[in-house]
There are 2 protein chains.
Amino acid sequence: MSYPELRHDVFLRALLRQPVEYTPLWLMRQAGRYLPEYKATRARAGSFMGLATNPDLATEVTLQPLERFAFDAAILFSDILTVPDAMGLGLSFAEGEGPRFAHPVRDEAAVARLAVPDLAKLEYVFEAVRRIRSALDGRVPLIGFSGSPFTLACYMVEGAGSTDYRTIKTMLYQRPDLLHRILQINADAVAEYLNAQIDAGAQAVMIFDSWGGVLADGDFQEFSLAYSRQVLSRITREAEGRQVPAVLFTKGGGHWLEAIAAAGSDAVGLDWTVNLGEARRRVQDRVALQGNLDPMVLFANPEQVAARARRVIEDFGPVTPGAGHVFNLGHGISQFTPPESVSALVETVHQHSRRFHTPA
Amino acid sequence: MSYPELRHDVFLRALLRQPVEYTPLWLMRQAGRYLPEYKATRARAGSFMGLATNPDLATEVTLQPLERFAFDAAILFSDILTVPDAMGLGLSFAEGEGPRFAHPVRDEAAVARLAVPDLAKLEYVFEAVRRIRSALDGRVPLIGFSGSPFTLACYMVEGAGSTDYRTIKTMLYQRPDLLHRILQINADAVAEYLNAQIDAGAQAVMIFDSWGGVLADGDFQEFSLAYSRQVLSRITREAEGRQVPAVLFTKGGGHWLEAIAAAGSDAVGLDWTVNLGEARRRVQDRVALQGNLDPMVLFANPEQVAARARRVIEDFGPVTPGAGHVFNLGHGISQFTPPESVSALVETVHQHSRRFHTPA
């Protein structure tokens with residue numbers, strides 16, 4: 001399959017720590033409920049999974065934020081739970097609630113039944129990637145993604161979101177062997193899944209470790225990071241004659257930054273509790289950094305949004321040769337965000353960051 | 001008021017980094033729903049606030065865990081929201097839900113009305129302290145406590161618990177002046193409140209900054225830590241001829257550990273995401289450390305609980321002269337915890353820690 005040539009690669013270059021003229025940005029969950037046009041498409045789809053599994057509608061919502069904002073990347077519209085769904089766990093979304101699995105994986109028998117899913121069941125995802133690439137027509141690169149092996153396991157074992165992760169942690173402390181088996185299957189599945197997204201046309205990939213940060217020190221390294229590292233070692237790093245950069249985001253992973261940065265990704269995503277300047281000193285520019293404005297800043301007025309965005313750029317500091325910064329929020333954008341705040345953010349980042357980049 | 005002499009001060013000495021023979025322990029929320037006897041008293045009280053505001057019943061539940069377990073300290077049974085309740089915000093607890101305020105503080109007018117409450121309204125707390133001290137009869141020291149100024153403000157502004165802290169963060173980003181006024185009033189109130197607990201007989205005090213960890217780097221220091229520091233600088237440090245140690249606990253505060261340790265407390269409470277050995281190197285034994293087992297470990301079997309408890313003790317390492325460790329969980333004990341796990345924990349900590357202490 002051959003796609004139109006990429007005309008705007010500042011995002012990919014920043015992830016690879018190559019010179020760029022300004023700091024690129026995109027936002028986690030940029031195709032989402034804060035946009036009225038998203039809500040309209042979502043209503044036509046009938047349900048969230050109806051939207052996520054329809055390649056035409058997924059393409060439509062992936063491109064929506066690019067019509068409003070000068071984002072430097074698009075991200076595949078999908079859900080992080082597509083892989084466990086394809087494993088047969090029975091994913092559903094009750095209105096106004098989070099995801100739920102009909103068949104959570106909680107005992108030895110359920111773990112024994114678990115297997116890497118047939119990727120044919122995820123064809124709707126790869127078809128969406130192909131249609132989005134065609135529709136993007138080279139405007140900006142497309143990011144593919146997956147939940148981390150541990151984050152997927154959280155939902156698979158808990159059966160739903162959790163506040164204390166009691167079920168998966170009971171397994172971790174009582175039957176670490178079972179959890180390791182789940183995580184190995186997840187790592188195999190995630191590696192295949194990301195590679196199939198890259199084969200279909202994803203130009204960068206991101207692993208979301210949304211829940212690794214709830215683990216104790218020591219357990220994070222053993223049950224979360226080790227499996228993300230495996231995935232990173234197995235994904236394709238070149239396609240269409242270009243490098244395919246990989247980003248690893250760990251919510252609440254600030255104190256493990258050195259270890260996360262050594263896990264094999266090109267860039268590390270950070271939440272807002274970390275100071276970007278300190279983070280940069282700690283990783284010594286061995287990886288690019290992505291982040292890290294508090295999504296709640298977007299509830300302030302546009303001048304305040306701009307001031308806070310400037311502070312993030314200044315915290316990172318001059319983007320010297322060999323350094324890389326991609327601006328993002330520290331977590332997904334809130335559904336209640338006023339779109340005007342996003343306009344103020346995009347303009348500030350693109351303008352204010354120019355003085356921090358060395359002309360090539 | 002004169003109380004029976006304290007016969008067991010290992011907890012106070014460990015907080016003050018004085019020599020002890022073993023590592024003392026107590027558990028956050030040790031008087032609580034995991035104990036059937038607590039549930040029975042709670043049922044007699046009719047409601048949670050009925051229990052918290054009745055000094056006789058508060059005394060009863062404070063002492064219950066000491067009958068079962070060899071804890072080295074008792075902690076006043078109360079709620080962290082007594083102070084905003086006394087400010088007239090109308091606290092209630094709906095069954096099965098968290099706390100709720102009828103009159104949240106969200107605008108300039110509400111902030112203008114806010115004032116340090118008349119401590120007479122909190123007399124039920126001080127009376128509970130007095131009765132508990134008498135009932136303890138010198139067995140173990142009694143810990144008084146308060147929410148931090150910022151954590152109280154979270155509830156006061158949000159009006160209830162929150163997942164994204166959107167309301168208080170909108171105020172923080174849009175009207176930092178209003179939030180600073182609330183925090184100053186809270187700091188004044190918390191200092192008076194803790195001093196009144198000490199006057200009544202509390203032998204150590206703890207500030208719970210349960211939500212400071214949701215703030216961005218920079219904001220944590222300005223909106224949370226600065227006000228906890230104020231409180232710490234104003235509380236009485238001696239009573240009944242003894243030092244009254246103060247502990248500052250910040251959930252999710254791991255990356256700010258050096259700053260937290262310099263805020264004026266004798267000890268710093270840590271959650272389980274931090275490695276105690278690393279934490280100790282970072283603070284260089286300038287403060288004692290309290291923590292930090294994941295409360296979910298208590299859902300494993302007794303041998304596994306013991307192994308994990310030993311690991312925490314070993315992570316801290318030898319308790320050399322000038323160092324101090326108080327064992328605790330990294331957060332409150334879960335209501336679903338089997339009490340047998342607590343027995344295994346207490347025995348392990350008391351026995352296994354002896355070899356890590358230098359004989360006096």
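In which strand of chain A is the place of A:Asn292? The legends below, which concern a predicted model, begin with that residue. Local features are taken at pLDDT of at least 70 and side-chain atom pairs at pLDDT 80 or more, whereas totals for chains, interfaces and linings use all residues. Residues are numbered from 1 along each chain as its sequence is written, and chains are lettered from A, with ligands numbered from 1, in the order in which they are written.

View 1. A:Asn292 has its place in strand β10 (residues 288–293) of chain A, where strands are DSSP runs of E with at least two residues, helices are runs of H or I with at least four, and both are numbered from the N terminus. The peptide bond joining A:Gly291 and A:Asn292 is cis, with omega of about -5°. In chain B, the bond from B:Gly291 to B:Asn292 is likewise cis, with omega near 0°, and B:Asn292 is found in strand β10 (residues 288–293) of that chain. In the loop between α13 (276–283) and β10 of chain A lies A:Gln284, a residue other than glycine whose phi is positive, near 50°.

**View 2. The open sheet of chain A.** Seven strands, 7 in the order β1-β4-β5-β8-β9-β10-β11, form an open sheet with parallel pairing in chain A; two strands are said to pair if DSSP finds at least two bridges between them. The edges are taken by β1 (74–75) and β11 (325–329) of chain A, each with a single partner strand, so one side of each is left without a neighbour in the sheet. Strand β9 (residues 267–269) of chain A pairs with β10(A) in the parallel sense over 3 bridges, and A:Ala267 stands opposite A:Ala288 in β10(A). Helix α7(A) packs on this sheet, touching β1 and β4 (142–147) of chain A, and its direction makes about 155° with that of β4(A). Contact here requires that the C-beta atoms of two residues, placed from the backbone, lie within 7 Å, while axes are lines fitted to C-alpha atoms, for helices over the stretch in contact, with angles that run from 0 to 180 degrees between N-to-C directions.

**View 3. Helices α7 and α10 of chain A.** The axes of helix α7 (residues 123–136) and helix α10 (residues 176–200) of chain A come within 8 Å and cross at roughly 30°. The two helices, α7(A) and α10(A), are therefore roughly parallel to each other, a description that applies to angles under 35 degrees, with over 145 counted as roughly antiparallel, 65 to 115 as roughly perpendicular and the rest as oblique. From α7(A), the residues A:Val125, A:Phe126, A:Val129 and A:Arg130 meet A:Ala196, A:Gln197 and A:Ala200 in α10(A). By class, this contact of α7(A) with α10(A) has 5 nonpolar, 1 polar and 1 charged residues, where Ala, Val, Leu, Ile, Met, Phe, Trp, Tyr, Cys and Pro count as nonpolar, Asp, Glu, Lys and Arg as charged, and the others, Gly among them, as polar.

**View 4. Helices α8 and α9 of chain B.** Helix α8 (residues 149–158) of chain B and α9(B) have axes that come within 8 Å and cross at roughly 105°, and α8(B) and α9(B) are therefore roughly perpendicular to each other. B:Ala153, B:Cys154, B:Val157 and B:Glu158 in α8(B) meet B:Thr167, B:Ile168 and B:Met171 in α9(B). The contact of α8(B) with α9(B) comprises, by class, 5 nonpolar, 1 polar and 1 charged residues.

**View 5. The contact between chains A and B.** Chain B contributes 26 residues to the contact and chain A contributes 26 residues. The elements giving two or more residues to the side of chain B that touches chain A are α9 (166–174) and α14 (302–316) of chain B, and α9(B) gives the most, with 5 residues. By class, that side of chain B has 10 nonpolar, 10 polar and 6 charged residues. Of the interface residues of chain B, 100% are also interface residues in chain A, so the copies meet through the same surface.

**View 6. The axis relating the two chains.**
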